[in-house]
Amino acid sequence: MEKKVLVLNLDHTPIAVVTAQKAMVLTILEKVSVLADYSFLSIRTIDQEFKYPAVVRLDEYKNVPYRGVLLNRSNLFKRDNNECQYCGSQKHLTIDHVVPRSKGGKSNWTNLITACHRCNVQKGDKKPEEVGMLLRKKPFKPNLSYFLAEYAEKNAEEWVPFLDMKTVQSG
C-alpha cells in the first residue's frame, strides 16, 4: 500500500491527503515545505533518492471553505467504531435514529448511531430511555481531524503530532 501524505495549510490546519507523487511535485515547485518524512522509506529516481514525505505544509495560506465531514453510512460506522452503540456487537449493523423520526428526530450526526439489528428492533419507535436502553457514548459530529487521527493511528504515526487529538466522547 502506498503511504499517503497529509497536507496542512500555512496555519497547520489539515486540508487534504495526497499521494507522495503529488507531494513531491508540490515540493519541487516550492509550493510546500516538508515537515515530516516516513522513516525507512524513500522515493528513488534513476540517479537520485528522496525522503518519502509524510506531512507537508503549504507555503502560502489558501482559503479553503470547510465543508465538514460527509454524513453517510460509512463515516457513521467509522465514527462508532463499527459497533452497536447499545450493546457493542459488531454483527448485523444498521443505522438508528436515537430520537425516532416519528417523534421529531432529525437525520444528523447527533441523532444517528450504529446499532445492531436486534437492539434496533428492541428499541423500535421509542427513545432509548423509554425502553431502558443506554447509549455507550453520546453521538457527536466529527471533524476532519478526527478521521485523520484515526487513519494516522493505524497507518501514519508521523501525522499524529500535527493533528488534534481525538476527544473521548462520553454518554
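Please keep in mind throughout that the model is predicted.

I begin with the charged pairs. The count of salt bridges comes to 3. One of them joins the side chains of R44 and E49, with a nitrogen-to-oxygen distance of 3.7 Å.

Another bridge pairs D80 with R79, and here the closest N and O atoms lie 2.8 Å apart. Both D80 and R79 are buried.

The remaining pair that I wish to discuss is D96 and K123, whose closest N and O atoms are 3.3 Å apart. This bridge links distant parts of the chain: D96 belongs to strand 5, residues 93-97, while K123 belongs to helix 3, residues 117-123, and 27 residues separate the two. Are these two partners buried or exposed? D96 has a relative accessibility of 4% and therefore counts as buried. K123, at 2%, is likewise classed as buried.

I turn now to the cysteines. How many disulfides does the structure hold? The number is 0. C87, for instance, takes part in no disulfide, and the nearest cysteine sulfur, which belongs to C84, is 3.8 Å away. C87 is partly exposed, at a relative accessible area of 34%.

C119 itself is buried, with 3% relative accessible area.

My last topic is Q90. Where is this residue placed? Q90 sits in the loop between helix 2, residues 73-79, and strand 5, the strand that also contains D96. With a relative accessible area of 53%, Q90 is exposed. If neighbours within four places in sequence are set aside, the residues in contact with Q90 are N81, N82 and E83.

To close, I return to two points. The D96 and K123 bridge connects a strand with a helix, and both of its partners are buried. As to the cysteines, the structure holds 0 disulfides.

Definitions and conventions: Residues numbered from 1 in each chain as written. Predicted model: local features only at pLDDT ≥ 70, side-chain atom pairs only at ≥ 80, totals over all residues. Heavy atoms only, no water. Salt bridge = Lys/Arg side-chain N within 4 Å of Asp/Glu carboxyl O. Buried < 20%, exposed > 50% of the residue type's maximum accessible area, 1.4 Å probe, protein only. Helix = DSSP H or I, 4+ residues; strand = E, 2+ residues; numbered from the N terminus. Disulfide = S-S within 2.5 Å. Contact = heavy atoms within 4.5 Å.
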